[in-house]
Amino acid sequence: MESLHHYGWLTISMLAALVWPDKSQAKALARRTVNRMTTQGLITARKLAGTGVDAYVLTSKGAKLLSTEKQLKVTSGVSLPLGNTVHRACANWFCILSRNNALEVWAEHQIQTGQAPVSGYDGKVPDALIGSEYGMIWVEVENAWKSRAEREKIVRFCSDTLGREWLTELTPNRHLFRVVIVATNPSALKSICESFADAYRRGWVTDVQMADIYIALLPVSSTLTPGELVEGSLWYDGVLPILNA
């Protein structure tokens with residue numbers, strides 16, 4: 001139940017990967033647990049529009065029980081806005097994969113509900129946060145097409161916060177170490193890389209700053225299951241090929 005409190009909603013596949021990452025029967029274990037907790041009235045299923053996939057959320061009963069057991073401020077997910085499901089699914093999966101690599105993570109729902117140490121910076125809100133021994137990793141998810149102006153907001157954020165003599169303090173004692181841009185499809189990834197290439201030509205961002213930015217391709221299927229995660233350097237793998245074309 002605590003995972004649902006952190007992520008807002010999760011699918012069976014997400015629960016399996018999150019709670020039983022090393023078990024061969026992870027999905028079966030997740031289904032049994034979900035069925036039991038649904039019968040107990042602690043969680044309930046909500047259909048995700050356009051996918052046919054069930055998302056599981058806490059009921060009022062489940063939220064109350066978790067609040068009592070963990071001394072947390074927990075709310076029901078029965079009326080939770082589900083938003084852009086593919087975008088949220090990508091953010092959730094990236095958090096799950098990062099968590100399974102023993103990194104501290106804060107999902108998009110945690111950030112939006114004040115459960116994370118950083119809620120935003122200079123008008124921007126991250127889609128996920130990852131803690132590392134060097135500082136905070138800010139995650140931006142790219143799913144659908146964005147206007148040039150919206151892509152430039154990401155470029156400006158990176159140029160204003162990265163590649164400085166001192167790490168940018170996002171909040172007291174929490175400093176920005178890196179930005180990761182995660183795209184669900186090659187087209188979205190190409191668009192953001194082209195925006196950074198254009199910004200480089202204009203002198204808005206440097207190669208040193210882009211060295212602190214990673215890119216990742218994480219396809220999400222129509223059933224919200226992830227494909228292979230492919231990671232790289234924005235400068236070497238994303239921008240230089242465009243500049244040299």
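1. Helices (H or I, at least four residues) and strands (E, at least two) are taken as DSSP runs and numbered from the N terminus. By that assignment, leucine 224 lies in the loop between β8 and β9. With a relative accessible area of 1%, leucine 224 is buried; here buried means under 20% relative accessible area, exposed means over 50%, and partly exposed lies in between (1.4 Å probe, protein chains only). Leucine 224 has a phi near 65°, a positive value in a residue other than glycine.

2. The basis of the values is as follows. The model is predicted, with local features requiring pLDDT of at least 70 and side-chain atom pairs counted only at pLDDT 80 or more, whereas totals for chains, interfaces and linings use all residues. Residues are numbered from 1 along each chain as its sequence is written, and side-chain values use heavy atoms, with hydrogens and water left out.

3. A positive phi is also found at glutamine 71, where the angle is about 55° although the residue is not a glycine. Glutamine 71 is placed in the loop between α4 (60-70) and α5. Its relative accessible area is 67%, so glutamine 71 is exposed.

4. Two packed helices are described by the angle between their axes and the distance between the axes. Helix α2 (residues 12-19) packs with helix α5 (residues 85-99) at an angle of about 15°, and their axes are 9 Å apart. That angle makes α2 roughly parallel to α5. Axes are lines fitted to C-alpha atoms, for helices over the stretch in contact, and angles run from 0 to 180 degrees between N-to-C directions. Angles under 35 degrees count as roughly parallel, over 145 as roughly antiparallel, 65 to 115 as roughly perpendicular, and the rest as oblique.

5. The crossing of α2 past α5 is left-handed; a crossing has this hand if the near helix is turned anticlockwise from the far one by less than a right angle, and is right-handed if clockwise. From α2, the residues Ser13, Met14, Ala17 and Leu18 meet Ala89, Asn92, Trp93, Ile96 and Arg99 of α5, where contact means heavy atoms within 4.5 Å. By class, this contact has 6 nonpolar, 2 polar and 1 charged residues. Ala, Val, Leu, Ile, Met, Phe, Trp, Tyr, Cys and Pro count as nonpolar, Asp, Glu, Lys and Arg as charged, and the others, Gly among them, as polar.

6. Helix α7 (residues 148-161) and α8 pack at an angle of about 60°, with 9 Å between their axes. The two helices are therefore oblique to each other. Their crossing is right-handed. On the α7 side, Arg148, Arg151, Ile154, Val155 and Cys158 take part, meeting Ser191, Ile192, Ser195, Phe196, Asp198, Ala199 and Arg202 in α8. The contact of α7 with α8 comprises 6 nonpolar, 2 polar and 4 charged residues.

7. Which residues of helix α10 (residues 234-243) are buried? They are Leu234, Trp235, Gly238 and Val239. These residues cover an arc of only 115° around the axis, which puts them on the same side of α10; the arc is that of the directions from the helix axis to the C-beta atoms. An α-helix has 3.6 residues a turn, so residues three or four places apart point the same way. The buried residues of α10 are covered by elements including α8 (186-202), α9 (207-210), β8 (213-217) and β9 (230-233).

8. Strand β5 (residues 135-142) holds glutamate 142, and valine 139 is also placed in β5. Glutamate 142 counts as buried at 2% relative accessibility, and valine 139 is buried with a relative accessible area of 1%. Not counting residues up to four places away in sequence, glutamate 142 touches Ile154, Ile181, Val182, Ala183, Thr184 and Ala188. Valine 139, leaving aside neighbours within four places in sequence, contacts Phe94, Pro126, Asp127, Ala128, Ile130, Val180 and Val182. From C-alpha to C-alpha, valine 139 and serine 119 are 13 Å apart in space and 20 residues apart in sequence.

9. Two alanines complete the note. Alanine 49 lies in the loop between β1 (43-48) and β2 (53-58) and counts as exposed at 66% relative accessibility. Its C-alpha atom is 9.2 Å from that of asparagine 84, the two residues being 35 apart in sequence. Alanine 28, in helix α3 (residues 26-39), is partly exposed, with a relative accessible area of 26%. The C-alpha atoms of alanine 28 and serine 222 are separated by 21 Å, with the residues 194 apart along the chain.
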